[in-house]
Amino acid sequence: DEDHLALIIELLGELPPNTGLENGKKYDKYFTKKGKLKNIKSLKPWPLYNVLVEKYKFSASDAQSLSSFILPMLDYNPKTRASAADRLTHPWLKNQFTITTKKSQEEEEE
């Protein structure tokens, strides 16, 4: 629904033109001809990096690493979107078990 689309746009940014999304069955139900949501006018961008740092208390380096792993798979354009196979060599996978949040560190110390 439109609320979910708003959250996606807040996380990933505005829909770029000519990605093919505008040809979807329900595009006209939710978006204007200019690619803006029809009923939700006030979006507050919150990029993934910021979500990881501010909400989940990731360190800056861990948030950067995880963001660089995930964001290419969330590309709006299917032609440029990274596949899971593309991500197999990403450094984040090699270090996935060492990523901790400040919150989890505090819990361990208690």
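Predicted model: local features only at pLDDT ≥ 70, side-chain atom pairs only at ≥ 80, totals over all residues.
**Reading the terms in this model**

Student: Why is Glu14 called partly exposed?

Tutor: The relative accessible area of Glu14 is 43%. Buried means under 20%, exposed means over 50%, and partly exposed is what lies in between, computed with a 1.4 Å probe on protein chains only.

Student: What makes the pair of Glu14 and Lys36 a salt bridge?

Tutor: The term requires a side-chain nitrogen of Lys or Arg within 4 Å of a carboxyl oxygen of Asp or Glu. In this pair the closest N and O atoms are 3.4 Å apart, and that is within the limit, so the pair counts as a salt bridge. A search of the whole structure finds one salt bridge.

Student: Which parts of the chain does the pair tie together?

Tutor: Glu14 is in the loop between helix H1 (2–12) and helix H2 (27–30), and Lys36 is in the loop between H2 and helix H3 (48–55), so the parts joined are 22 residues apart in sequence. Lys36, at 43% relative accessibility, counts as partly exposed.

Student: What makes a stretch a helix, and how many helices does the chain have?

Tutor: Helices are DSSP runs of H or I with at least four residues, strands are runs of E with at least two, and both are numbered from the N terminus. By that rule the chain has seven helices and zero strands.

Student: Why is Asn18 called exposed?

Tutor: The relative accessibility of Asn18 is 68%, over the 50% limit, so Asn18 counts as exposed. Asn18 lies in the loop between H1 and H2. Its phi is positive, about 60 degrees, although Asn18 is not a glycine.

Student: Why is His90 called buried?

Tutor: The relative accessible area of His90 is 11%, under the 20% limit, so His90 is buried. His90 lies in the loop between H5 and helix H6 (91–94).

Student: What makes the approach of His90 and Ser68 a polar contact?

Tutor: A polar contact is a pair of N or O atoms within 3.5 Å; within protein, one must be able to donate a hydrogen and the other to accept it, and residues adjacent in sequence count only if both atoms are side-chain atoms. The side chains of His90 and Ser68 are joined at 3.0 Å, and this is within the limit, so the pair qualifies.

Student: Which residues does His90 touch?

Tutor: Contact means heavy atoms within 4.5 Å. Not counting residues up to four places away in sequence, His90 touches Ser65, Ser68 and Phe69.

Student: Which residues of H4 are buried, and what do they pack against?

Tutor: Helix H4 spans 60–70. Its buried residues are Asp62, Ala63, Ser65, Leu66, Ser67 and Phe69. They pack against H3, H5 and H6.

Student: How are two packed helices described?

Tutor: They are described by the angle between their axes and the distance between the axes. Axes are lines fitted to C-alpha atoms, for helices over the stretch in contact, and angles run from 0 to 180 degrees between N-to-C directions. For H3 and H4 the angle is about 145 degrees, and the axes are 9 Å apart.

Student: Which residues meet where H3 and H4 pack, and what is their make-up by class?

Tutor: Leu48, Tyr49, Leu52 and Val53 in H3 meet Ala60, Ala63, Gln64, Leu66, Ser67 and Ile70 in H4. By class, this contact has eight nonpolar, two polar and no charged residues. Ala, Val, Leu, Ile, Met, Phe, Trp, Tyr, Cys and Pro count as nonpolar, Asp, Glu, Lys and Arg as charged, and the others, Gly among them, as polar.

Technical notes. Residues numbered from 1 in each chain as written. Heavy atoms only, no water.
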